[in-house]
Amino acid sequence: MVIIRRFGHPNLPALVMLHGFLGSKDDWSILMPHLSQYFHCICIDLPGHGANRLVLDSPGFSQVAAHIVAKVSGLGIKQFHLLGYSLGGRIALHIAKDFPDSLLSLTLESAHPGLTDNTQRDARAKSDGLWAKKLQQLPITAFLSLWYQQAVFNDLNKQQKQQLINLRSHNDPERLSNCYLATSLSLQQDCRAVLSLLSCPCYYLYGMDDTKFAQLAKDWQVENGKDQLQLQPLAAAGHNIHSLHPELFNDTLLTLLNPSHPA
């Protein structure tokens, strides 16, 4: 059991890829035939997911950020492009905060920069506590059925949701619950100002059908400016772009990160 899968020649620029909640390193496999021609792709299981059995303290953002950078450094890689989806994007922001000199670029896909006031944090803590209880008490398939009824997954049809339920049902609820609570949005720092620490380019990819995260991205860019945060809206896409629209995602990412790639 390994927590890292690598694709592409080691001499290519390194691209570290962080999946979302309930996912695994294998979520990125659909992109590899094309993306690995341009990057040495390093796909990592987050704690509590796949083969990663690391138990997080609470809050766990700094711990998991250091854990990931240590894993990448152990491969002999000191600087890398960083891509994070959803929870992986929120963790990527903490890597950027704690290890800004390690990044060649930061790309976020449908990731929340953090809540801005205590009222929002209290409400999110309550909501996440309820979800964690469901995760701990319900059969995993029953939990997943409820999870994918959330509005953010409205772009998935019934068959796609069932495929995800089948794929995710092997997860261990106890380990997932630890990661979920330790990386709750209610515990995340407001990372909007993190971009000012970085000398590398920062990109935000969102689906235009994902109205919540589209607005978050636009508001964030207004606060930081177009020079610090470059938005990439993708038409006819929702929250999980790389899974449902892999060719569009690949082409967009390569256009941003690899100037030699034809647009």
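Q: Helices (H or I, at least four residues) and strands (E, at least two) are DSSP runs, numbered from the N terminus. Which helix gives the most to the lining of the largest pocket?
A: This is a predicted model, in which local features need pLDDT of at least 70, side-chain atom pairs count only at pLDDT 80 or more, and totals for chains, interfaces and linings use all residues. Residues are numbered from 1 along each chain as its sequence is written, and side-chain values use heavy atoms, without hydrogens or water. A pocket is an open set of points on a 1 Å grid over the protein atoms alone, where a 1.4 Å probe fits with protein on both sides within 12 Å along at least five of seven lines; lining residues have an atom within 4 Å of a point. With 5 residues, the top contributor to the largest pocket's lining is helix 6.

Q: Which elements give two or more residues to the lining of the largest pocket?
A: In total, 49 residues line the largest pocket, and Tyr-85, Ser-86, Val-152, Phe-153 and His-239 lie nearest its centre. The elements giving two or more of its lining residues are helix 3 (87–98), helix 4 (118–137), helix 6 (158–168), helix 8 (211–224) and helix 9 (241–244).

Q: Is Asn-11 buried or exposed?
A: Asn-11 sits in the loop between strand 1 (4–7) and strand 2 (14–18). From Phe-153, Asn-11 is 142 residues away in sequence and 37 Å away in space, C-alpha to C-alpha. Because its relative accessible area is 69%, and over 50% counts as exposed (under 20% is buried, in between partly exposed; 1.4 Å probe, protein chains only), Asn-11 is exposed.
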